Amino acid sequence: MVRDSFSILDIVRIIGGLLFFNAIFSYWFTSTATWGYHGKYIDWRYWHHTILEPELHLSLDELFKYTGDDNGRILLAINGSVYDVSSNRAVYGPKGSYHNLVGKDAARVFVTGCFMKPDEYTYDLRGLDEKECEKDIKGWQLFFESHRDYWYVGKVELTFDFINEDPPSPCTHVKFPGHI
């Protein structure tokens, strides 16, 4: 019996077959079904957030719950923008070297690089050069937005109730490699 046309099912079979053979060849050459790619576009959490979850709007207290201590999501904020860094638990998780950055908005430390001063882990940018802050913060936000493993998830509502307090004491800026 000869058919004169393709059906939707035929098209699905052809695409499925091509994807299957692509995965087989990929595994043969790279030992992964995705040609060695391990980024956000094959992470179910990214698609779940993108398709099913609305943009998050958190208070600082709510953000504090996302530190990964309970093996849950790990969120990091820079000047009000919140990013999911859960895919790199070794770095941002409870035993990670950058765990102090998560669960809070630590914009200041992204500008100064003073990781050894606990009072630098704040979004209080008073006393810093405005142009330097703008450049560094935009640079770090772009880093997290365009990184293959991290993604933007929403905003945190910043309160400026520290206005009557003194800003953190100055430190010698220690820029990250590649940042001027």
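1. A polar contact is a pair of N or O atoms within 3.5 Å, where, within protein, one atom must be able to donate a hydrogen and the other to accept it, and residues adjacent in sequence count only if both atoms are side-chain atoms. An example is found at Asp10, where a polar atom of the side chain lies 3.1 Å from the backbone nitrogen of Ser7.

2. Some notes on the model come next. This is a predicted model, in which local features need pLDDT of at least 70 and side-chain atom pairs count only at pLDDT 80 or more, while totals for chains, interfaces and linings use all residues. Residues are numbered from 1 along each chain as its sequence is written, and side-chain values use heavy atoms, with hydrogens and water left out.

3. Asp10 belongs to helix α1, residues 8-30, where helices (H or I, at least four residues) and strands (E, at least two) are DSSP runs numbered from the N terminus. Asp10 is buried, with a relative accessible area of 8%; buried means under 20% relative accessible area, exposed over 50%, and partly exposed in between, with a 1.4 Å probe and protein chains only. Leaving aside residues up to four places away in sequence, Asp10 touches Arg3 and Ser5, a contact being heavy atoms within 4.5 Å.

4. Helix α1 has 23 residues and reaches 32 Å from its first C-alpha to its last, close to the expected 33 Å, a value found as 1.5 Å times one less than the number of residues. Just after α1, Ser31 takes a positive phi of about 65 degrees.

5. An unreviewed UniProt entry places a "transmembrane region" at residues 12-30, and such annotations may be inferred rather than shown by experiment. In the model, residues 12-30 are 100% helix and 0% strand, with end C-alpha atoms 26 Å apart. The unreviewed entry in UniProt also places the feature "domain: Cytochrome b5 heme-binding" at residues 58-157, a span that is 31% helix and 17% strand, and whose end C-alpha atoms are 6 Å apart.

6. The protein is divided into domain 1 (1-37) and domain 2 (40-156), with bounds that come from an automatic or database domain assignment. Taken over C-alpha atoms, the centres of domain 1 and domain 2 are separated by 38 Å.

7. The structure holds 1 disulfide, a term for a pair of cysteine sulfur atoms within 2.5 Å. This disulfide joins Cys114 to Cys171, with an S to S distance of 1.8 Å. The pair links distant parts of the chain, 57 residues apart, with Cys114 in the loop between α5 (107-112) and α6 (130-146) and Cys171 in the segment after β4 (151-157). Both Cys114 and Cys171 are buried. Cys133, by contrast, is in no disulfide, and the nearest cysteine sulfur, that of Cys171, is 11 Å away.
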